Amino acid sequence: MGPTGEASAPGGLGRNRRTAMLALLSFAMLIVSLDQYIVVVALPDIARDLGYSARTLQSVISAYAVASAGFLLFGGRAADLLGRRRILVTGLALYAGASLAGALATGPGLLLAARAVQGLGGALVFPTTLALINTTFTEGPARNRALGIWGGAGAAGLVIGVLLGGVLTQAFGWEAVFLVNVALAGPALLLAFVLVPHDGPRAKGRTFDLPGALSVTSGVTLIVFALVQGPGLGWLSPGILVSAVAGPVLIAAFVVIERRSRDPLMPPGLLAHPHLVTGVVIAFLFMATFGSVLYFLSVYFQEVLGYDALRTGAGFLIPTAVVVAGSTLAGRLVTRFGLRLTLAASLAVGALGAVALGLAVSPDGSYAGLVPGLVALGTGDGVVFTAMFIAAATGVPDRQQGIASGIASTGSGAGAAVGLAVLVLVATAGLDGLSGEPLRTATADGIARALFCVAGGIVLTFLVAVRRCPTPSGPRPVPVPYQTRRC
């Protein structure tokens, strides 16, 4: 163990190389985070050029969300069993290739296919980067600092995506929001071969639970698809009904398969791990609340305040800076004050920010009126994003960090899909048949309602964080069974 308290990584990764590896993993996380919202500002131009209708345009976002959420568990377990560098490289390659295909798309079908493959690439990269950090840095202050940097990159990517999307769309057209991913993912792919330690031989006797992987991936994908597409296609449409029924059936089949598997995809003991469960619940609620705000702010800027793509992107400069600062500081805050106090304080600040935004959103509102809420919400957003993954990784053995990361990131992906689906229903209630000024006024009122619901969801997350009571992070104690650990 080095002077900073960090354990040497496999393959003799030295201190400087370890730092470079952390920078690469954080950069990879930023790349996949960008694409969740980078196309939001470009949607009107995409609709005009490729022939999307108002009803189908949202699928450009949901195609990525559905594929990403569905394959996160698969990606995490594959990293544990097949090699973390292999899966990271595969994910980046899929991501870059799909981005190029998206830029060259000439119709809605091709673009949706490219977005889905982007989501698959992101589902491989996300849990793998998290697992690599958790196995490279020792649990406690060293890992907290590393996760602070990684989390800052991920949380910032969500916000920077909207900002960058506006700039690129205004300057070069919507195709640029896809081509930029090629320029970013390509170098990251090459550097992964240099900086990430070579995967060792696979452990003898361990197999990849293919039936379990197929059942859980299909089940989660169908459930997320139903939640995301239900508002647009209609909850009673055949595709939504089939997905809503088949998804839970496949999840039930996954449970049966896991009980009978000699080497299950999801080790049963992990689901009894208190910190992992806390991290997953908070990740779900976080993305359902904080993660949905960016979408509604983009709609508010463009459809209510009348901003163009560039000005909409510029509107996210302040939250970007605040989110990056909060995420980067989160590791130090957790080390000093513990997980419970850090999460509780940041969630309280975030809830106040959501209320402030809800009060500021109006047909005659101004950007200046949004700033206090943006700062408070962004602070909570940044800190919680990092802290929830610190909670999820605490006490998990290195050989299971991949699947643990997959479980936590699946929680966040599912939360994003569920939260946006529910909040869109809240925000768009009563808009049918409206146009002109009445539509603009009703849109602002609906977004305000959604923001107040976000505040309520953050309060619920606050209660979970306080009740679950994760132990303060510090030097790793002598390992004890999960069941005997107490807050």
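Thr136 has its place in helix H5, which covers residues 108-136. The model described here is a predicted one. Thr136 is buried, because its relative accessible area is 3%, and under 20% counts as buried. A polar atom of the Thr136 side chain lies 2.6 Å from the backbone oxygen of Leu132.

A second residue to look at is Gly373, found in helix H14, residues 367-393. Gly373 also counts as buried, because its relative accessibility is 1%. The two residues are set side by side below.

| Residue | Helix | Relative accessible area |
|---|---|---|
| Thr136 | H5 (residues 108-136) | 3% |
| Gly373 | H14 (residues 367-393) | 1% |

Leaving aside residues up to four places away in sequence, Gly373 touches Gly353, Ala356 and Leu357. Trp235 stands 138 residues from Gly373 along the chain, and the C-alpha atoms of the two are separated by 34 Å.

The length of H14 can be checked against its residue count. At 1.5 Å a residue, the 27 residues of H14 should span 39 Å, and the C-alpha atoms at its ends are 38 Å apart, so the two values agree. Of its 27 residues, 21 are buried, so H14 is largely enclosed by the rest of the structure. Just after H14 comes Gly395, whose phi is positive, at about 80 degrees.

The rest of this report concerns the protein as a whole. The protein has 16 helices and zero strands. Its radius of gyration is 21 Å, close to the 23 Å that the globule rule gives for 487 residues, so the protein is as compact as a globular protein of that length. Taken along the principal axes, the C-alpha atoms fill a box of roughly 65 × 45 × 40 Å.

Of the 487 residues, 58% count as buried. Among contacts in the protein with a separation of 6 or more, 84% are between residues 24 or more positions apart. The accessible surface of the protein comes to about 18700 Å², and carbon and sulfur atoms account for 69% of that surface.

Technical notes: Residues numbered from 1 in each chain as written. Predicted model: local features only at pLDDT ≥ 70, side-chain atom pairs only at ≥ 80, totals over all residues. Heavy atoms only, no water. Helix = DSSP H or I, 4+ residues; strand = E, 2+ residues; numbered from the N terminus. Buried < 20%, exposed > 50% of the residue type's maximum accessible area, 1.4 Å probe, protein only. Contact = heavy atoms within 4.5 Å. Polar contact = N/O pair within 3.5 Å; in protein donor to acceptor, adjacent residues only side chain to side chain. Expected span 1.5 Å × (residues − 1). Rg over C-alpha atoms; globule rule 2.2 N^0.38 Å. Areas by Shrake-Rupley, 256 points an atom, 1.4 Å probe, with all protein chains shown as cover.
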